Amino acid sequence: MAVISVNNITLAYGDQPVVKDLSFAINEGDFLVMVGENGAGKTTIVRALLGQLKPKQGDIEMAKSLKIGYVPQFRNLPTNYPLSIRDFAALNLSKSRLPWLSHKEQGRLDRIIRKTDLTAIEDRSLGLASGGEKQRAYLAQALVDDPRLLILDESTASLDNEMKYELLDLVAKFQQNHLSVLFITHDWDLAKRYGTRYLQLLPNAEYREGPINELPTIEEDQHV
Ligand SMILES: Nc1ncnc2c1ncn2[C@@H]1O[C@H](COP(=O)(O)OP(=O)(O)O)[C@@H](O)[C@H]1O
Ligand SMILES: [Mg+2]
C-alpha cells in the first residue's frame, strides 16, 4: 500500500523547473534511497512532500492523516544550546491540552529515548553531544510522534562510518515496525546496505527508479 504517491509533478522556483514530470511511490515498509548530484533537486522534493512547496503540475497523494518525521543534515549547534537531549526530543511530541507532559507522554518519551540509546545522556545539553548523539537526538525527535514515514535528508553526511551504521541500524529497526523511510545520501554503500528501492535524479530533470539491486555502482554509472 502506498504511504505517499507522487504523480507527474513539476517543481520549480520561479520559472526554472527543478524536477519535471516526476512520479514515484513510497510503499509501506519501503526504505527508498534517493541519490543525485548536488543541486539535482532532492531537498526540493522533500519540501514538496512536507507540504512546503506546491507542485506547479501534478499532485501528491498521501495516506489519510499521514505523519512524517524529518531528520535534517547534520549542522553543529552552539555548545550553549539551551535544551537537554530529552527536552529536544520532546519538542515534537503532539501534546494534549496541558503545557507539561502527561504521564503517558513521559512514558512515550522514555521509550523513544531508550530505543535511540540516549537514556544515559538524556539530561546532557544537546550542544555538548557528539555528532552521532546529536543525530540520534534528531531521530528521537522525529520518531517520538510515531510517524509512518521518516525522511532523512543527508542525515548521515559528516558522521564517521561507525556512527553512520549505528544511526541507520536504529532506523532499520524502526522500519521493521511499520515505518517507511526516505533516505537521501551520496553514499552507495549505505544505499545498498539499507535500501529496498532507489530513486536516482539525473541531469536535465530525468530520473530512474527501481529495486535497490538495480542501482548502478558509481563506476557503472559513469558509463551510462
Ligand atoms: N529557495 C530556493 N530558491 C531558488 N532556487 C532554489 C531554492 N532552493 C533550491 N534552489 C535551487 O534548486 C535546485 C535544487 O536544489 P536542491 O533541491 O536543494 O538540491 P539537492 O538537495 O539535490 O542538492 C538547485 O539549483 C538550487 O540552487
Ligand atoms: Mg539537499
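## A buried strand

Strand 7 (residues 180-184) is largely enclosed by the rest of the structure, because 5 of its 5 residues are buried, where buried means under 20% relative accessible area with a 1.4 Å probe and protein chains only. Strands here are DSSP runs of E with at least two residues, and helices are runs of H or I with at least four, numbered from the N terminus. The cover is on both faces: Ser-180, Leu-182 and Ile-184 are buried on one side, Val-181 and Phe-183 on the other.

This is a predicted model, in which local features need pLDDT of at least 70 and side-chain atom pairs count only at pLDDT 80 or more. Residues are numbered from 1 along each chain, and side-chain values use heavy atoms.

## Its neighbours

Pairing requires at least two DSSP bridges between strands. Strand 3 (residues 31-35) runs parallel to strand 7 over 4 bridges, with Met-34 partnered by Ile-184. On strand 6 (residues 149-153), also parallel to strand 7, there are 5 bridges; Leu-150 has Val-181 as its partner.

## Around ligand 1

Now to the ligand: its shell, counted by heavy atoms within 4 Å, includes Tyr-13, Glu-37 and Lys-42. Helix 1 (residues 42-49) gives the largest share, 3 residues.

In the side chain of Thr-44, an N or O atom lies 2.5 Å from a ligand oxygen.

Conventions:
Chains are lettered from A and ligands numbered from 1 in the order in which they are written. A polar contact is a pair of N or O atoms within 3.5 Å; within protein, one must be able to donate a hydrogen and the other to accept it, and residues adjacent in sequence count only if both atoms are side-chain atoms. Buried means under 20% relative accessible area, exposed over 50%, partly exposed in between (1.4 Å probe, protein chains only).
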